[in-house]
Amino acid sequence: MRRGANLPWVGDYNQAVVLEGIRRHPGTSRTELAAASGLTLQTVSNIVRRLLDRELVQEGGVPARLRGAGKPRTALSVRPGQALAVGVQFEREHVDAVLLDLAGDVLDSCREQLSDGPATSLHPSPVHATRAVRSLVDGSGNAAAVLGVGVAVPGPLDFTGPVRSSAINLPGWRGVAIADLLAASTGLPVLVENDATAAAVGDLWRSPLVGRSFLHLHVGAGIGGGLVVRDEVLRGESGNAGEVGHLVVDPAGPVCTCGAAGCLEAVAAPTAVVRRYVERVGAPRARRAGLVLAEHTVLDDHDRLELLAREGDAAAEAELERAAAALARAVLGVVNVVDVSEVVLGGGGLRRTGERVREAVRRGLAVAMTREVHPVQVRLGEAGELAGALGAASAVLHEALSSTWVGVHGPAREVVISPVAPVH
């Protein structure tokens, strides 16, 4: 747990500390919260009383953890279904949305499938996102408990005014004021995160562990990275840190959509892998093998390549291995620079190739500079392709329920997201 402070002016921060402790460690007691946070037992008891009154936490719900002799301590847990948030994740071929509660449970989810449209028109996903949000809120049975909408969108993002997205992987997106659009269409506060950063936030927020340092490698239609060092998300000067997909891994490689040559995304993203396979075998053979070759089916075609490789298709195997090796090189560079102890792999682009990439990254990290100091764990994220949506919803709950931490300890964070109304 974070440490609290026994001063009146940080009352809201202390409340966030206590709530975080209960959320991360269901079954904890007031005494254990006081010992872990450094707050007095009286301060913790007062905060817990306020949280009980607001129905954010409850007594019981999980078995009490008894330590030593004496009177059993009352276990505390967050109250399911009270504080809710919707998370939305934009991909090239679909929009995913989830409804998350304070306990970290997904109460509902939906997907709005997109079809190919004219490249010159605005990507239709904001309309589909609005439809998904309304569906989840209306179906929640407790619309008043929905604190806001979190949006995970590919970068780059401009946070200097109304949050604007120029996602190079979404056709037609240039300077789209996505926060304002969704706030107007849903009537809810909107928070915007880079999709890979959102995935890292979700992994951090839903984990009981503290003090973690990790890279979340997010592979969707494009490739991004979310970086966390000792539980602090690295956002950079403008909130766009973690663009792992634009590390140059092959200077002689193809030109990327960003304008550079040989970026990881241009070499290893699902779109690039499918394109190279088609160039190798020809479109007729690729279609006979089951590929659709439409813009909105890129991830499905990428999945199909993994199945073809397992069936002995040498061209599919070669292209998937080339991509996995490039991802491993990029991860090694990030690990050497930032010195993290975990690499979490997620996103729709790894729903079939995840084990292949995990093994390539694991092998690549055998030469990491810190290999004799500490191991680097490589694992597939539990959230899978919903990692961005879950992270965006988690960020809403965190910001709404611990806004004092943001204002006092991280004023730059106010520039990084759209404001979400604080809950006191």
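Buried means under 20% relative accessible area, exposed means over 50%, and partly exposed is whatever falls in between (1.4 Å probe, protein chains only). Take aspartate 203: at 14% relative accessibility, this residue counts as buried.

A bit of background before we go on. This is a predicted model, where local features need pLDDT of at least 70 and side-chain atom pairs count only at pLDDT 80 or more, while totals for chains, interfaces and linings use all residues. Residues are numbered from 1 along each chain as its sequence is written, and side-chain values use heavy atoms, with hydrogens and water left out.

## A sheet of five strands

Helices (H or I, at least four residues) and strands (E, at least two) are DSSP runs, numbered from the N terminus. Two strands pair if DSSP finds at least two bridges between them. With that in hand, look for an open sheet of five strands in the order S12-S11-S10-S13-S14, with mixed pairing. Strand S12 (232-234) and strand S14 (377-380) sit at the edges with a single partner strand each, so one side of each has no neighbour in the sheet. On average, neighbouring strands here are turned by 25° against each other, direction ignored. (Axes are lines fitted to C-alpha atoms, for helices over the stretch in contact, and angles run from 0 to 180 degrees between N-to-C directions.)

Now zoom in on S10 (residues 214-219) and S13 (residues 342-346): they run parallel and are joined by five bridges. Which residue in S13 is the bridge partner of histidine 216? That would be valine 344.

## Helices on the sheet

Contact means heavy atoms within 4.5 Å. Helix H6 (residues 195-205) packs on the sheet and touches S10, strand S11 (223-229), S12, S13 and S14. The direction of H6 makes about 130° with that of S10. Helix H11 (residues 314-338) lies across S10, S11, S12 and S13, and runs at about 155° to S10.

## Salt bridges

A salt bridge is a side-chain nitrogen of Lys or Arg within 4 Å of a carboxyl oxygen of Asp or Glu. The structure holds 25 of these salt bridges. One of them links arginine 131 and glutamate 112, with the closest N and O atoms 3.0 Å apart. Arginine 131 is in helix H4 (residues 125-139) and glutamate 112 is in strand S5 (residues 106-113), so the pair ties together parts 19 residues apart in sequence. Are these two buried or partly exposed? Arginine 131 is partly exposed at 44%, whereas glutamate 112 is buried at 16%.

Back to aspartate 203: its side chain meets that of arginine 212 in a salt bridge (2.7 Å, N to O). Arginine 212 is buried too, with a relative accessible area of 4%. Another salt bridge joins glutamate 359 to arginine 363, at 3.8 Å between the closest N and O atoms. Both lie in helix H12 (residues 354-364), four residues apart, about one turn of the helix. Glutamate 359 is partly exposed at 23%, and arginine 363 is partly exposed at 45%. Elsewhere, salt bridges with shared partners join Asp96, Arg111, Asp300, Asp303, Arg351 and Glu385 into one network.

## A stop at alanine 241

Alanine 241 is in the loop between S12 and helix H7 (264-268), and at 24% relative accessibility this residue counts as partly exposed. Leaving aside neighbours within four places in sequence, alanine 241 is in contact with Thr197, Gly225, Leu234, Arg235 and Gly236. How far apart in space are alanine 241 and proline 156? They are 9.5 Å apart, C-alpha to C-alpha, and 85 residues apart in sequence.
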